[in-house]
Amino acid sequence: MSNEKYSLVQYKETQEYHLYESRSNPDGSCNLKGKTPLCQSKSVTPENSGLFVCQNENDTRIKCAEYANKGKDICGVCVSAMYATED
Ligand SMILES: [Zn+2]
């Protein structure tokens with residue numbers, strides 16, 4: 001498993017959640033690595049807050065499934081892209 005961390009952040013304009021590669025800082029805060037989510041969408045900008053930040057890949061998978069089951073609108077392309085980085 002990779003050491004990559006992910007954050008699930010909502011796009012204000014579409015209300016949809018996208019995954020971002022993220023970085024933990026020594027002080028415990030979390031930054032998104034870039035302005036582009038895993039699905040490479042550039043159409044909108046993310047909110048500052050998300051459903052979760054800086055989770056490892058395994059926890060990200062579990063939480064995405066849980067939130068999807070609760071009816072959250074999570075970007076399927078982002079989730080697929082995370083699985084695709086598995087190797
Ligand atoms: Zn996405």
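Biologist: Before we start, what should I keep in mind about the model and its numbering?

Modeller: The model is predicted, so local features need pLDDT of at least 70 and side-chain atom pairs count only at pLDDT 80 or more, while totals for chains, interfaces and linings use all residues. Residues are numbered from 1 along each chain as its sequence is written, and side-chain values use heavy atoms, with hydrogens and water left out.

Biologist: Good. How many helices and strands does the chain have?

Modeller: Helices (H or I, at least four residues) and strands (E, at least two) are DSSP runs, numbered from the N terminus. Here the chain has 2 helices and 4 strands, arranged along the sequence as β-β-β-β-α-α.

Biologist: And what share of the residues counts as buried?

Modeller: Buried means under 20% relative accessible area, exposed means over 50%, and partly exposed is in between, with a 1.4 Å probe and protein chains only. By that scale, 31% of the 87 residues are buried.

Biologist: Let's turn to the metal. Which residues coordinate the zinc ion?

Modeller: Donors are N, O and S atoms within 2.8 Å of the metal (3.2 Å for Na, K and Ca); water is not among the atoms, so sites may look incomplete. In this model the zinc ion is held by H18 through ND1 and by C39, C75 and C78 through SG, at distances of 2.0 to 2.4 Å. Along the chain these donors are spaced H-x20-C-x35-C-x2-C. H18 sits in strand β2 (residues 17-24) and C78 in helix α2 (residues 76-84), so this pair, 60 residues apart, links distant parts of the chain.

Biologist: What is the arrangement of the 4 donor atoms?

Modeller: The ideal angle for four tetrahedral donors is 109.5 degrees. Four donors count as tetrahedral if all angles lie between 85 and 135 degrees; four count as square planar and six as octahedral if opposite donors are over 155 degrees apart and all others between 65 and 115; anything else is irregular. Around this zinc ion the angles run from 103 to 118°, which makes the arrangement tetrahedral.

Biologist: Now the cysteines. Which ones form a disulfide?

Modeller: A disulfide is a pair of cysteine sulfur atoms within 2.5 Å. The whole structure has 1 disulfide, joining C30 to C54 with an S to S distance of 2.1 Å. C30 belongs to strand β3 (residues 30-32) and C54 to strand β4 (residues 46-56), so the bond ties together parts 24 residues apart in sequence. The torsion about the S-S bond is about 85°, so the disulfide is right-handed. C30 is partly exposed at 24%, whereas C54 is buried at 12%.

Biologist: How should I read helix α1?

Modeller: The expected span of a helix is 1.5 Å times one less than its number of residues. Helix α1 (residues 57-69) has 13 residues and reaches 18 Å from first to last C-alpha, close to the expected 18 Å. Its buried residues are E57, T60, C64 and Y67. At the N-terminal end, N56 caps α1, with a side-chain oxygen 3.2 Å from the backbone nitrogen of N58.

Biologist: Last one: where do I find positive phi values?

Modeller: Most residues other than glycine have a negative phi. Just after α1, G71 has a positive phi of about 95°. Q15 is not a glycine, yet its phi is about 65°; Q15 lies in the loop between β1 (5-11) and β2 and is partly exposed at 45%. Q40, again not a glycine, has a phi of about 70° and lies in the loop between β3 and β4.

Methods. A polar contact is a pair of N or O atoms within 3.5 Å; within protein, one must be able to donate a hydrogen and the other to accept it, and residues adjacent in sequence count only if both atoms are side-chain atoms.
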